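The following exercises ask the reader to work through one structure step by step. Each task is followed by its solution.

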Amino acid sequence: MTAPPPSVEAFDLVIFGGTGDLALRKLLPAMFHRFLDGQIPPSSRIIGVAREALDDAGYRAQLRASLIKICDAAKLDQFLQQVFYRPLDARKDDGWDDFAALIASEAGHVRVFYLSTSPNLFVDICNRLGGYGLNQGKSRVVLEKPIGRDLESANRINDAVGKVFNESQTFRIDHYLGKETVQNLLVLRFGNALFEPLWNSAHIDHVQITVAETVGVGHRAGYYDHAGAMRDMVQNHLLQLLCMVAMEPPASLAPDAVRDEKLKVLNALQPIDDAHVGQFTVRGQYRAGVAEGASVPGYPDELGSASNTETFVALKAQIANWRWAGVPFYLRTGKRLPERVSEIVVAFKPVPHSIFDASSGTLTQNRLVLRLQPDEGVKLWLTIKHPGPGGLRLRTVPLDMSFAEAFGAQQPDAYERLLLDVVRGNPTLFMRRDEVEAAWRWADPILAGWANANEAPRPYAAGSWGPSAAVALIERDGRTWHDDSE
Ligand code: NAP
């Protein structure tokens, strides 16, 4: 029998932006699931904060409507007794005294202040948290991505947050790091003797990281047009995944042991400057097309104006160190692509010499595919003999482990794990300030290169895999983007 999940200390989780999309779609369902598993001590409180004039009952009614699909009403009502709401404007003092009194009423609780708002409110919120004396005892602050839009703005935010909360209290969240498959990458690499000896440029040909979405920008167009795929996805999620693949074995899972190794990878990324941005990167923007069987408008139509913002990026990154010299990491991400899929593909080098003749078929590279979503799991593509008579015919098949099939129950959402890690004060899966800075240091010259080139992003039809230049980027090197249906 599996042991019940360990409980945590009693806590207050304050969600600034408690009525927003992320809070309603991810954070509150995550807490409800942990409640259902018995991990939330009864005196703990979840306190939603936003400007909307709601009281506890009004907020609970809003949540009831979105959480009722998870579980029956009795359990939900029990959970909602632990949920509260305070109307506040992060930029004004009204309401803060009342909010501070509510927090002070449980002085012994761990305090988690989750900033699920636009980053331009982070500084105001932290200043007021400091000013009202709320950073006391075991307090932590969680910062949602993106932290800034370049190194300079990220530093401004981190400096201001750092005046109130020290680094060990600051949890910069990247929910990709809480995904089951990403944790499993650590275990596959460092819990098996099989892979690590092969995990280097002598045996690995290249790595692909794809994070593809079928959705367009929808109601987030205002935010998205200010960011684009590079800031929204590559600088954080894709680089964090790259770090997990490429880092050296940490001495332990101690937070700084892991984060030190990730930082070394970020620092070893070869800069892509003005002269190379056209060669190693492709940016695109979707136009009208067919996605998930329906006709959908293009990005400019959704936005209501023309725009130079990319909704797709493909690029070739290189890590300048002994382990990875000469092994390209191809990254791609975009909206309105044909499939919702996030995966890491590690492609091994071909065998040095084939003993099979042409009539047997062609030998293909071994590939280790780690799928983060939708169906989390691991596949190892191997060449085998096609069973039965008919001569020795080669066939490529996956050793396939879908976590849902192997372990039955649905995997917990990444936010469930990460929120409780914050309560426990464990920052292993959160980004340290120097990691965020190193990631911007690499991303900024690419963004500057694009701005200097002053070229519009390449159009691609919604429902396609991005501009043809993204295919050319990898095919120029004699490789292809992985297709799991092959
Ligand atoms: P959203 O839906 O626009 O919600 C913003 C929240 O902030 C609302 O509750 C809003 O409520 C509140 N708010 C706005 N101005 C405020 C102010 N002056 N004082 C207090 N509260 C204020 O945004 P979101 O999509 O939830 O995203 C929140 C953050 O998470 C952003 O940084 C985003 O980049 C990040 N993020 C979101 C997702 C996602 O899937 N949505 C994923 C990853 C990261 P009122 O207007 O009533 O004040």
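**Exercise 1.** Determine how α9 and α10 are oriented to each other.

*Solution.* The model is a predicted one, in which local features need pLDDT of at least 70, side-chain atom pairs count only at pLDDT 80 or more, and totals for chains, interfaces and linings use all residues. Residues are numbered from 1 along each chain as its sequence is written, and side-chain values use heavy atoms, with hydrogens and water left out.

Step 1. Helices (H or I, at least four residues) and strands (E, at least two) are DSSP runs, numbered from the N terminus. The axes of α9 and α10 (residues 255–268) are 9 Å apart, and the two helices pack at an angle of about 110°. Axes are lines fitted to C-alpha atoms, for helices over the stretch in contact, and angles run from 0 to 180 degrees between N-to-C directions.

Step 2. Angles of 65 to 115 degrees count as roughly perpendicular, those under 35 as roughly parallel, those over 145 as roughly antiparallel, and the rest as oblique. The helices α9 and α10 are therefore roughly perpendicular to each other.

Step 3. In the contact (heavy atoms within 4.5 Å), α9 contributes Leu-239, Gln-240, Leu-242, Cys-243, Met-244 and Ala-246, which meet Lys-262, Val-265 and Leu-266 of α10. These residues divide into seven nonpolar, one polar and one charged; Ala, Val, Leu, Ile, Met, Phe, Trp, Tyr, Cys and Pro count as nonpolar, Asp, Glu, Lys and Arg as charged, and the others, Gly among them, as polar.

**Exercise 2.** Identify the residues that line the largest cavity.

*Solution.* Step 1. On a 1 Å grid over the protein atoms alone, a cavity is a set of points where a 1.4 Å probe fits but cannot get out, and lining residues have an atom within 4 Å of a point. Grid points are joined across faces, edges and corners, and a volume is the space filled by probe spheres set on the points.

Step 1. One cavity of 30 Å³ or more is found in the whole structure. The largest cavity holds about 40 Å³ of space.

Step 2. Its lining consists of Lys-145, Ile-147, Gln-235, Asn-236, Met-431, Val-436 and Trp-440. Two or more lining residues come from each of α9 (229–246) and α15 (433–453). By class, the lining has four nonpolar, two polar and one charged residues.

Step 3. Lys-145 also takes part in a cis peptide bond with Pro-146, with omega about -5°. Pro-146 is in the loop between β5 and α6 (151–164).

**Exercise 3.** Describe the order and pairing of the open sheet of six strands.

*Solution.* Step 1. The strand order is β3-β2-β1-β4-β5-β6, with parallel pairing; two strands pair if DSSP finds at least two bridges between them. At the edges, β3 (83–87) and β6 (170–172) each pair on one side only.

Step 1. Five bridges connect β4 (residues 110–115) with β5 (residues 139–143) in the parallel sense. Within this pairing, Leu-115 stands opposite Leu-143 in β5.

Step 2. Helix α1 (residues 21–36) lies across β1 (11–16), β2 (45–50) and β4, running at about 170° to β1.

How values were computed. 1 Å grid on protein atoms, 1.4 Å probe; cavity = no way out; pocket = protein on both sides within 12 Å on 5 of 7 lines; lining within 4 Å.
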